[in-house]
Amino acid sequence: MPYHSTMTSESRVALVTGANRGIGHEICRQLAASGVEVVLGARDREKARSAADQLRAKGLSVTPKTLDVTSPESIEDVVKAIEREYARLDILVNNAGIFLVKDGKAENIDLDRVRLTMETNTYGPILLCQAAIPLMRRQGYGRIVNLASELGSLTNMETLYPAYRMSKTALICYTRVLANELAGTGILVNSMCPGWVKTEMGGPNAIREIEDSADTALWLASLPDDGPTGGFFKDREPLPW
């Protein structure tokens with residue numbers, strides 16, 4: 001199936017990472033249903049195309065792009081492609097992430113697992129923000145949504161999953177610092193916790209529906225100009241960090 005943009009001059013353009021399944025896919029659906037032109041990013045080309053086809057079959061405007069968030073070259077290529085095809089990027093949702101459950105205890109954790117987790121969960125979003133912000137600055141508008149986790153909250157920090165916790169704590173920190181730097185530019189930057197969701201990552205015992213978890217991302221992606229920035233949210237409510 002060919003992929004052609006139907007964007008009008010008033011349309012917003014969004015890039016969602018890790019969007020071939022789960023929360024990312026649902027965020028794409030909700031954004032597209034609200035009238036946003038959605039670029040669906042996924043590491044596997046065929047999975048990206050298949051996921052986009054599912055949404056396009058519902059009449060939604062979604063374009064697939066092959067995107068590996070651990071590759072600076074891949075990030076640069078996708079953002080440049082968006083600039084060529086749309087001449088703008090209004091919304092960035094950093095959803096891609098990994099959760100290595102068996103990452104050991106903090107006292108003996110394998111640093112290779114820490115590096116792998118940080119590459120995907122923290123460094124990837126940082127590089128994507130750096131690539132996207134110049135396009136957002138150009139039009140004086142942007143919404144950046146970083147999917148973090150309550151497991152990264154210093155207020156509620158406990159044991160288990162040290163690599164994942166550290167990656168999400170760092171992402172929330174970056175969100176706050178970046179938001180302060182961009183104050184007054186029209187670019188709002190926030191992080192959110194989707195909760196324990198019924199996805200492949202969440203597992204069979206998860207308690208939250210995907211649709212409910214994705215709602216906060218849609219809210220943050222469509223904030224008014226006087227909306228919050230530098231916050232950490234769940235179900236549209238602030239979380240302690």
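Two strands are taken to pair if DSSP finds at least two bridges between them. In this predicted model, eight strands form an open sheet in the order β3-β2-β1-β4-β5-β6-β7-β8, and the pairing is mixed. The edges are held by β3 (62–66) and β8 (237–238). Each has a single partner strand, so one side of each lacks a neighbour in the sheet.

Strand β1 (residues 13–16) is buried at Val13, Ala14, Leu15 and Val16. Val13 and Leu15 point one way from the strand, Ala14 and Val16 the other. β1 runs parallel to β2 (residues 37–42), and four bridges join the two. Valine 13 lies opposite glutamate 37 of β2.

The pairing of β7 (residues 232–234) with β8 is antiparallel and spans two bridges. Phenylalanine 233 has proline 238, in β8, as its bridge partner.

Two helices lie across strands of the sheet. Helix α5 (residues 162–181) lies across β5, β6 and β7, at about 160° to β6.

Mean pLDDT for the protein is 91, with 89% of residues at 70 or more. Residues 1–9 stay under 50. For this segment the model has 21 contacts beyond four places in sequence. Where pLDDT is low, predicted coordinates should not be read in detail.

Terms used
Residues are numbered from 1 along each chain as its sequence is written. This is a predicted model: local features need pLDDT of at least 70, side-chain atom pairs count only at pLDDT 80 or more; totals for chains, interfaces and linings use all residues. Side-chain values use heavy atoms; hydrogens and water are left out. Buried means under 20% relative accessible area, exposed over 50%, partly exposed in between (1.4 Å probe, protein chains only). pLDDT is the predictor's confidence in each residue, from 0 to 100. Contact means heavy atoms within 4.5 Å. Axes are lines fitted to C-alpha atoms, for helices over the stretch in contact, and angles run from 0 to 180 degrees between N-to-C directions.
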